[in-house]
Every structure is written in structure tokens, then in C-alpha cells.
Amino acid sequence: MRPAENIEKLIKALRYEGDAETHKRILANALQALDESQEQKLGPIGPERRKTIMNSRITRTAAAIVIVVGVFVAICYITRDTHSSVAFADVVRQMQQIRTATWTEIGESHPPKNLPQGAIFVGGSHIRRCAYKAPGYERQDTTQTLVDPQTRQPGEYKLVHIIDRNMGKALLLNPRNMTATLNSFEAGAFQNPLCDVFLCPTSNVPLDAQSLGTQEIAGREAIGFRLLKKNDGTYPWSGDITDIWVDAKTRLLVMLETGAADGRWMFRLKDFAFNQELDDSLFSLDPPQGYRMLIPPPESLSVEPPKQD
Amino acid sequence: MLEDRLLLWRFKRGSKDAFRLIYEKYAADLLTFAANLLGDTNSAEDAVQDVFISFAKSVGPFRLRGSLKGYLATCVANRARDYSRRTKSRQNVAANKAARAAAHSRGPLQSAIYGEQLEKLSGAMTQLPYEQREAVLLRLQADLRFKQIAELQKTSTKTAQSRYRYALDKLRSTLNGEVEK
């Protein structure tokens, strides 16, 4: 008896992929349908049609009743306590009160369309496990896939950042060569890093947001908001479009997606857990055993000048 | 998976490039799947086109639950059933085209032997009952799990597995010694 795998392999090899013309035609038709669909969504009712409908006295009366009822329903809807009326400021308030948080950040970046000839794009993806403990302790365990500019081969790099904003110190651990670097920065004003996304960097007040309604995310009912980017400034790290989904009950983050409008990069933050006990050792600035301490590069010492002997 | 979600995310925000990338990523596989399922390249092209047009129109409310390829393949399978009822008579032409295309992708020395096997196989495929052919192609060319195939065929997982197994047995006996060990 012949083994089944051979037949399975043959079936997999049975390909008909069509020629370039076929694909060009199908894609063009699909794109045309897409254009038409978008135009239909945006297209207003033509004046002739409206005039015909509104000629009748009955339809005018019916339209008036519909408008009055609609206004009444809208007023009731806005004034009742529903998810859609949840103010974004309320979400920010809840987020500012958290003691600890852990989450996963997934990032992707793609080369720009107009990359000059011969230029090398160092992009890739990363998965970052993040932890925050009030006040001002952060840890990020990053696995980054990058294209090596020399060999152009993708490689995986692991890095650990431990940040103490109280002391203005950041420890960088490189497990690949077992080295540690302790950098300094300006200590002082700090907040939960997740709130950086929500607050205007200059005035520190919650940004404007529009409701995205509700949907189920990770098995929970979530309320969505889209942050409206201000023309006068930029967020500390978020993109052109930032969608935030919070738990309908706790008002705490469930998912956050942010990215460039042209789709060149995006971050997704998920798997959030709040107010759980996190061991202090996670945020220790002492390098683990076996790590060799390196002297940080001069630019990272600019805030705290080196001591004179 | 993440790449698909990223593409969908971009497409939902109006990126035509993202739609093009989705098309370029999956169109060839879907066309192969449809051609083998229907045994007719014209109907296969129409089915794939219909699916991408519907997909373009429905992406607003669309939410991906499994893999994007699985979703699109399921759409093609559904569409193919409609075409299958209309175009039963034109099957062998496309199946043989698919076999020849696969054979030519090999070296010249092997392609004659290999092409013969594939032509026999594609001929044998058209002789299978539609549900069995669909189960085999959904599993091997669209990478769907038996549970997903069962959902599509509105039957139990065991029946989907049996259809797959019966189909392979029939193909094996039809080829009868033509498949290399």
C-alpha cells in the first residue's frame, strides 16, 4: 500500500495560480467595488429624491413626528447611565490610581514606501513584557526581531530595562553578552507610563476622545475610545491613531492599539493585569549575578556630570 | 497571524495597499483551491473575484476570529458550491491545467513523469463526490482543521475526517501504483 503522505504531497502540488492578467483584473474589480462601497457610505440623498418624498403632506407630518421622537430618545439616551456616556476623564482617573500593572506590548514596523535606493531599513517586530509599580518603577523585558544592517539577516535580540524614576536611574541588561549598563536621567516628575498616552504632555489634562461603542475583547465587555490627536503637539509615544478599550466595569485598560496613519508601524498593548503584588526584586537596579558592568556612553551622563576626583 | 491582523487593521482604516497585500498573499492559494474544487478555471476565477469583492465591501463590520486564510477559503468554498451546481460539465479541463502548471514548476526531466501523476490525480479528484473533494482540499490546500471543515459542511468532525480518509483511499486506489514510494 502506498503511504498517504505521497498523495497528500501530490494534492498540495496541484496548483493553478492564474496568470498576471487574471490577477490584475480580479484585483481591479475588487478595488472598484471597494471604491463604490465607500462612496455609497458617504453619498448624500439626492435633492430630487428628497423633494419627491417631502411633497406629500403625510410624509412631512410623519417626518416631523420622527424628528420629535428621535430628539426625545436621544435626550433619554444621553442622560441615562450607559457605557456610551462614560467620560474618558473617568477612565483616566481610574488608570491614574492603579498601584501595579503588567501587560504585553507587541510592535511591528515596516519599511517606508519611498525608501531611497541602497538605504537599509532596520525595522522588525518586538514583544515586550512590561511591569509598573507605583511610584515610578518600571521593567521591560523585550524580545526584538531586527534586520542586521550589515548581513541583512533577521536576528532575535533580548534586552531588559529596569527604570527607577525616583532615583533617575535606568539599568540596561543584555543577556546575550551578559553585560549591564547603568544610565542616569533627570529624576522627579513621573507617573504611570500608561497614562502618558491619555494626557496632554503640556497641560497634563486628559486628551479629547470619541466613543467607539462597546465590543467583547478577551472575553470581557469593553468600551472603546479613539484619541483625537491635537494639531499643536504630539503624544509622548502614541501614533496618529490610538484606540483604547477599557473594561466596562472597572474602567481599566483591556487593549490599546496605536499606529501610524500610513500603517508603517503599530503597537498593541494587551494582557493587562492591575493591582497585583509585584516583587521588589523585579525592579532592582543591582545587576543579576554573572553580569559584567559596563561604563555608560558619555551622552547618557549629560544630566549628571561625572564626579571629579 | 499578527501580520494578517495588522493588514486588516490598516485596511479597516482605509488603506488600499493593505487590501492589495492581502490579495497578493492569498489570491494564488485561493485560486488553486477553487480550481481544484470546481475543476474549471473560469468559475474558479469568478469565485475568487466574488469573494474578494464581498470582502472589500464587508470589511467595516468584519471581525476576524480565526485565520484570514481560513476565512477566505471558507468563503471560496461556499461560493464554489453555487458554481458547482452550474458548471459540472467543464471539470476535467481545469484540473488538467492545474496538473500541468504544477508539473512545469519542476525540472524538465522530472516533469514528464510527475506531470503524468498529477494529471491522473487531478482526473481522479474530479471523480470524487463533491463533499469528499471539498474535505480533502480544505484540509490540504486551505489548511483548515477538521473541526472547521465540519462546521462548513454542517456535519460532525468525525464525518469530515471520514470523508477525507475515504477520498484519500479512493485516490490511492485510482492511481494504483502511480504514486512513488
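I take a residue as buried if 20 or more other C-beta atoms lie within 10 Å of its own, and as exposed if 12 or fewer do. I also note at the outset that this is a predicted model.

**Entry 1: chain B as a whole.** I looked up the elements of chain B and found nine helices and zero strands. Read from the N terminus on, they run α-α-α-α-α-α-α-α-α. Chain B has 181 residues, of which 43% count as buried. I then turned to its contacts between residues at least 6 apart in sequence; 67% of these join residues at least 24 apart.

**Entry 2: helix H9 of chain B.** This helix covers residues 157-175, which makes 19 residues. From its first C-alpha to its last it reaches 27 Å, close to the 27 Å expected at 1.5 Å a residue. Which residues of H9(B) are buried? I listed Ala160(B), Arg163(B), Tyr164(B), Ala167(B), Leu168(B) and Leu171(B). Looking down the axis of H9(B), I noted that these buried residues fall within an arc of 125°, so they line one face of the helix. Lys158(B) and Ser173(B), on the other side of H9(B), are exposed. After H9(B) comes Asn176(B), with a positive phi near 40°.

**Entry 3: Leu121(B).** I located Leu121(B) in helix H6 of chain B. Is Leu121(B) buried or exposed? I recorded 24 other C-beta atoms within 10 Å; the cut-off is 20 or more, so Leu121(B) is buried.

**Entry 4: helix H3 of chain B.** The 18 residues of H3(B) should span 26 Å at 1.5 Å a residue, and I found the end C-alpha atoms 25 Å apart, which agrees. Its buried residues include Thr41(B), Glu45(B), Asp50(B), Phe52(B) and Phe55(B).

Definitions and conventions. Residues numbered from 1 in each chain as written. Chains lettered and ligands numbered in written order. Predicted model: local features only at pLDDT ≥ 70, side-chain atom pairs only at ≥ 80, totals over all residues. Helix = DSSP H or I, 4+ residues; strand = E, 2+ residues; numbered from the N terminus. Expected span 1.5 Å × (residues − 1). Arc of directions from axis to C-beta. Contact = placed C-beta atoms within 7 Å.
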